[in-house]
Amino acid sequence: MTHHLLIVDDEPLNLEILSEYFDGQGYRLSMAENGEVAWAMLRQHPDVDLVLLDRMMPGIDGVELLKRIKADPELKPIPVIMQTAASAPEQVREGLLAGALYYLTKPYERDSLLSIVRAALTDGNTRRDLQQRLREHTNALRLMESARFSLSTLDEVGCLAVFLAQACPEPEGAVLGLSELLVNAIEHGNLGISYEEKSSLKRSDRWQEEISRRLQLPENAGKRVDVTFERDGSTIRICITDQGEGFDWNRYLDFDPARAFDPNGRGIAMARLGSFQDLQYQGKGNVVLATIGETLP
């Protein structure tokens with residue numbers, strides 16, 4: 001599959017440089033010299049897989065274009081990377097909250113650009129796959145009151161996230177948050193992959209390979225993630241428990257501008273703000289309780 005990238009920048013030289021960076025990488029590129037042109041292209045050709053967006057532009061700037069993309073149901077799933085020289089924490093946070101989950105600070109190196117693009121496309125593909133699988137199932141699980149599950153692999157994460165989301169009032173929001181929490185329980189909890197290790201693995205495109213390797217290690221044999229589902233009236237509580245040593249979860253409950261330029265580190269904040277009414281880590285951090293009501297935030 002050839003991914004279609006839309007590059008938006010008001011500087012012709014930057015467009016030329018970016019075109020050279022992507023040369024030979026197998027991507028199909030479209031270029032837009034300002035926000036107005038980019039918006040028209042997206043409306044006419046919504047098959048774009050990723051937008052690489054300059055923040056500072058005359059007319060429709062990057063933040064405004066990003067808000068338009070995320071407000072459009074058809075365009076909302078497209079991952080957006082914000083490229084900017086405006087790297088002050090409040091500016092980065094503004095972009096994160098608007099939906100730019102990946103950042104690049106100008107000037108940046110070619111390898112950094114390509115690693116962030118790979119990470120964003122991988123996350124985008126995962127999200128689209130979850131949403132498609134969700135649409136293929138019925139909502140009969142809205143009748144489920146309680147259940148227990150146990151899992152250990154990333155393949156099982158997708159299956160269980162889709163299954164549980166069908167029992168929730170807004171499945172499309174719930175499935176993304178559940179997937180993030182379950183992946184975190186396996187990779188960071190049971191398999192002990194640190195934040196720094198995951199960043200390195202994502203940059204070198206070896207993350208899934210390392211997950212598979214660690215699952216085969218003797219010390220990880222038999223490690224499971226336990227999940228309980230409980231419905232109490234209009235409130236759903238999902239508890240996820242891993243067998244890891246825990247972590248300092250407070251650092252990850254909100255979007256941190258300092259991590260905006262890494263290929264990972266935003267999943268928990270995304271889950272808390274977009275999927276659940278409440279998200280609480282307990283004890284040493286290997287237990288997380290997610291609460292969903294009839295009306296999500």
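This is a predicted model: local features need pLDDT of at least 70, side-chain atom pairs count only at pLDDT 80 or more; totals for chains, interfaces and linings use all residues.
Just after helix α1, Gly 24 takes a positive phi of about 80°.

**Helix α1 and its two faces**
- Helix α1 covers residues 12-22, and its buried residues include Leu 15, Leu 18 and Phe 22.
- Looking down the axis of α1, you would find the buried residues within an arc of 65°, so they line one face of the helix.
- Now turn to the face pointing away from that buried side: here sit the exposed residues Leu 13 and Glu 20.

**The five-stranded sheet**
- Five strands form an open sheet in the order β2-β1-β3-β4-β5, and their pairing is parallel.
- Which strands stand at the edges? They are β2 and β5 (102-105); each has a single partner strand, so one side of each is left without a neighbour in the sheet.
- On average, neighbouring strands of this sheet are turned by 20° against each other, with direction ignored.
- Zooming in on one pair, β1 and β2 run parallel and are joined by five bridges.
- To see two residues facing each other, find Val 8, which stands opposite Ala 32 in β2.

**A glutamate to look for**
- Glu 187 belongs to helix α7, which spans residues 171-190.
- Is Glu 187 buried or exposed? Its relative accessibility is 2%, and because buried means under 20%, Glu 187 counts as buried.
- Leaving aside residues up to four places away in sequence, Glu 187 touches Gly 192, Ile 193, Lys 198, Trp 207 and Ile 211.

**The whole chain**
- In total, the protein chain has 10 helices and 10 strands.
- Its radius of gyration is 20 Å, close to the 19 Å that the globule rule gives for 297 residues, so the chain is as compact as a globular protein of that length.
- Taken along the principal axes, the C-alpha atoms fill a box of roughly 55 × 40 × 35 Å.
- Of the 297 residues, 50% count as buried.
- Among contacts between residues at least 6 apart in sequence, 65% join residues at least 24 apart.
- The chain exposes about 13,900 Å², and carbon and sulfur atoms supply 48% of that area.

Note on methods:
Residues are numbered from 1 along each chain as its sequence is written. Side-chain values use heavy atoms; hydrogens and water are left out. Buried means under 20% relative accessible area, exposed over 50%, partly exposed in between (1.4 Å probe, protein chains only). Helices (H or I, at least four residues) and strands (E, at least two) are DSSP runs, numbered from the N terminus. The arc is that of the directions from the helix axis to the C-beta atoms. Contact means heavy atoms within 4.5 Å. Two strands pair if DSSP finds at least two bridges between them. Axes are lines fitted to C-alpha atoms, for helices over the stretch in contact, and angles run from 0 to 180 degrees between N-to-C directions. The radius of gyration is taken over C-alpha atoms; the globule rule is 2.2 Å times the number of residues to the power 0.38. Accessible areas come from the Shrake-Rupley method with a 1.4 Å probe; for residues, only the protein chains shown count as cover.
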